[in-house]
Amino acid sequence: MGLLDVKDVGKRFGGLKALSDVNLSVKDNSVHAIIGPNGAGKSTLLNCLVGKLIPDSGSVLFNGASVLGRKPHEINQLGISRVFQTPEIFGDLTVMENMLIPLLAHRDGAYRLHAYSSVSSEKDLTTRAEEMLDEVNMLDKRNMNAASMSRGDKRRLEMAMCLIQDPKLLLLDEPTAGMARADTNNTIDLLKEIRDKRDITIAIIEHDMHVVFSLADRITVLAQGTPLVEDTPDNIKGHPKVKEAYLGETA
């Protein structure tokens, strides 16, 4: 059993079979990549993992507990954080103000600490946010307006907003989409640093094979909603089923 176990998951949208008998296991403290051509079911699977969709069949277990039927904020409380394909930040706020949002909840007309916050008192909020920004090399940008930053820095900020909650599992949906190569390489370096410093597991959906092969310990390849093969990066390279899925012909 892994930290995250997907068992026989299926999902249909009307007559379209988006996922069929998907099985995969994401081991603790690993980086597991999920790849496949457009329409393979990657985003549908990710949405099943975070409560945005409920599978028609099968189960999704995190640390042995089912995530099915839980709301996204409840899944977040379990220790799962998600980075979206388009950075989900508040452009009209500063970097520091964005960092405080994951630690706060709006209740009774006031902002209070989340029950699952990683700080114990409101006076520790700024200190914790500054520590996290320093960890991702953005402390010097804490007073910048978030909308004015590059896409790479917006992505880095979003990751920091997830990491400040000390998740056990970080789900990344196309984290380098739309980035210049320099920003992509910086993101790879950041994820390597995060993995080295933290007790964290990462599951990543990504089209850029340079990113996948730079980070992943294990790769699951989807095609038409069904896993084709799961193996190490070295064994995935040149695999005939992978070439057939991407190129439409056998190797």
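Over how many bridges do strands E11 and E12 pair, and in which sense? Strand E11 (residues 218-223) pairs with E12 over five bridges in the antiparallel sense, where two strands count as paired if DSSP finds at least two bridges between them. In E12, threonine 226 is the bridge partner of alanine 223. The structure is a predicted model, in which local features need pLDDT of at least 70, side-chain atom pairs count only at pLDDT 80 or more, and totals for chains, interfaces and linings use all residues. Residues are numbered from 1 along each chain as its sequence is written, and side-chain values use heavy atoms, with hydrogens and water left out.

The protein contains nine helices and twelve strands; helices (H or I, at least four residues) and strands (E, at least two) are DSSP runs, numbered from the N terminus. Of its 251 residues, 48% count as buried, that is, under 20% relative accessible area with a 1.4 Å probe, protein chains only.

E11 and E12 belong to an open sheet of six strands with mixed pairing, in the order E6-E9-E10-E3-E11-E12. Strand E6 (80-83) and strand E12 (226-231) are at the edges with a single partner strand each, so one side of each is left without a neighbour in the sheet. From one strand to the next, the twist averages 15°. Helix H5 (residues 151-163) lies across E6 and strand E9 (169-173), and runs at about 170° to E6; axes are lines fitted to C-alpha atoms, for helices over the stretch in contact (heavy atoms within 4.5 Å), and angles run from 0 to 180 degrees between N-to-C directions.

Four strands form another open sheet, with antiparallel pairing in the order E2-E1-E4-E5. Its edge strands, E2 (16-26) and E5 (65-66), each pair on one side only. Helix H1 (residues 42-49) packs on this sheet and touches strand E1 (4-13), E2 and E4; its direction makes about 65° with that of E2. Strand E4 (residues 57-62) pairs with E5 over two bridges in the antiparallel sense, and leucine 61 stands opposite serine 66 in E5.

Key
Buried < 20%, exposed > 50% of the residue type's maximum accessible area, 1.4 Å probe, protein only.
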